[in-house]
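This report gives a short account of one protein model for a reader who has the coordinates at hand.

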Amino acid sequence: MAPSQNAVPLIILSSCLAGNPVRYDGSDKRDADLLAALEFARLVPLCPEVGIDLGVPRPPIRLVATDGAIRVQGVEDPTLDVTDRLTAWGEAQLPLLRSCDGVVLKSRSPSCGVEGVPLLQADGTVEETGTGHFAALVRQHFPELPLADERQLQDRQRLASFVVQVQAHFAKHAGRHRG
Ligand code: SF4
């Protein structure tokens, strides 16, 4: 089914990149260049950490490698473990993810970062090898969905390629789209 004339691709975007002051310290990460590049699409801002009611401001969290698993825990208070809450929230977003054409997330975040997120090891060292909890969930459930972080999209070729992928996804799945 061809998309209707008024239909446009839908992209889920980290809320802080859209300019919403939702970071742990109450700041935002508005990215004007990125927003201009994504003007062709309808943007849906999401913040996993606000989504699980951590509030703003909130204690910072990080990825922690534990016995074969990766948990998301408080930096100052490791007994604050929000992994299961993030999983439940992420799974509640599956219908929205199913109807979108791409996802752009904030780099280096324990929730949103797509690659190279700091990951605390058992020996206390930090390796930049992690993937944020929500980004991992997106990849797990929708491996074909175009997914990138804003740092990756600073590369013009990568941005152009991402836009082509989003448009192709939109054309292919238009029959499932909201009006
Ligand atoms: S990086 Fe993700 S979790 Fe952190 S403030 Fe931005 S949208 Fe929220």
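The text below goes from the chain as a whole to one helix pair and then to individual residues.

**Overall architecture**

The structure is a predicted model. Its protein chain contains six helices and eight strands. Read from the N terminus, these elements follow the order β-α-β-α-β-β-α-α-β-β-β-α-β-α.

The C-alpha trace extends over about 55 × 30 × 30 Å along its principal axes. A compact globule of 179 residues would have a radius of gyration near 16 Å, and the chain has 17 Å, so the two agree. Of the 179 residues, 34% count as buried. When contacts between residues at least 6 apart in sequence are considered, 61% of them join residues at least 24 apart.

**Helices α3 and α5**

Two packed helices are described by the angle between their axes and the distance between the axes. For helix α3 (residues 83-92) and helix α5 (residues 133-141), the axes come within 10 Å and cross at roughly 45°. The two helices are therefore oblique to each other. Their crossing is right-handed. On the α3 side the contact is made by T83, L86 and G90, and on the α5 side by H133, F134 and L137. By residue class, the contact of α3 with α5 comprises three nonpolar, three polar and no charged residues.

Which residues of α5 are buried? They are H133, F134, A135, A136, L137 and V138. The cover over the buried residues of α5 includes α2 (48-51), β4 (69-74), α3, α4 (94-98), β5 (102-105) and β8 (147-149).

A136 belongs to helix α5, and A136 counts as buried because it has 20 C-beta neighbours inside 10 Å, where the cut-off for burial is 20 or more. A88 belongs to helix α3, and A88 counts as exposed because it has 11 C-beta neighbours inside 10 Å, where the cut-off for exposure is 12 or fewer. Each of these residues also has a listed C-alpha separation from a residue elsewhere in the chain. A88 and I52 are 36 residues apart along the chain, and their C-alpha atoms are separated by 8.8 Å. A136 and S111 are 25 residues apart in sequence, with 8.8 Å from C-alpha to C-alpha.

**Backbone features in the loops**

The loop between α2 and β3 (61-66) holds P57. A cis peptide bond joins V56 and P57, with omega about -5°. D53 is also found in the loop between α2 and β3. The phi of D53 is near 65°, a positive value in a residue other than glycine. D53 is exposed, since 10 other C-beta atoms lie within 10 Å.

A positive phi also occurs at R108, where the angle is near 70° and the residue is not glycine. R108 is placed in the loop between β5 and β6 (117-120). With 16 C-beta neighbours inside 10 Å, R108 counts as partly exposed.

**The loop between β1 and α1**

G26 is placed in the loop between β1 (10-14) and α1 (32-37), and P21 lies in the loop between β1 and α1 as well. G26 is exposed, with 10 other C-beta atoms within 10 Å, whereas P21 is partly exposed, with 14 other C-beta atoms within 10 Å.

Which residues does G26 touch, not counting residues up to four places away in sequence? They are P21, V56 and P57. With the same exclusion of residues up to four places away, P21 touches G26, S27, D28 and V56.

| Residue pair | Separation in sequence | C-alpha separation |
|---|---|---|
| G26 and V56 | 30 residues | 5.7 Å |
| A88 and I52 | 36 residues | 8.8 Å |
| A136 and S111 | 25 residues | 8.8 Å |
| P21 and D123 | 102 residues | 34 Å |

Notes: Residues are numbered from 1 along each chain as its sequence is written. This is a predicted model: local features need pLDDT of at least 70, side-chain atom pairs count only at pLDDT 80 or more; totals for chains, interfaces and linings use all residues. Axes are lines fitted to C-alpha atoms, for helices over the stretch in contact, and angles run from 0 to 180 degrees between N-to-C directions. Helices (H or I, at least four residues) and strands (E, at least two) are DSSP runs, numbered from the N terminus. Angles under 35 degrees count as roughly parallel, over 145 as roughly antiparallel, 65 to 115 as roughly perpendicular and the rest as oblique. A crossing is left-handed if the near helix is turned anticlockwise from the far one by less than a right angle, and right-handed if clockwise. Two residues are in contact if their C-beta atoms, placed from the backbone, lie within 7 Å. Ala, Val, Leu, Ile, Met, Phe, Trp, Tyr, Cys and Pro count as nonpolar, Asp, Glu, Lys and Arg as charged, and the others, Gly among them, as polar. The radius of gyration is taken over C-alpha atoms; the globule rule is 2.2 Å times the number of residues to the power 0.38.
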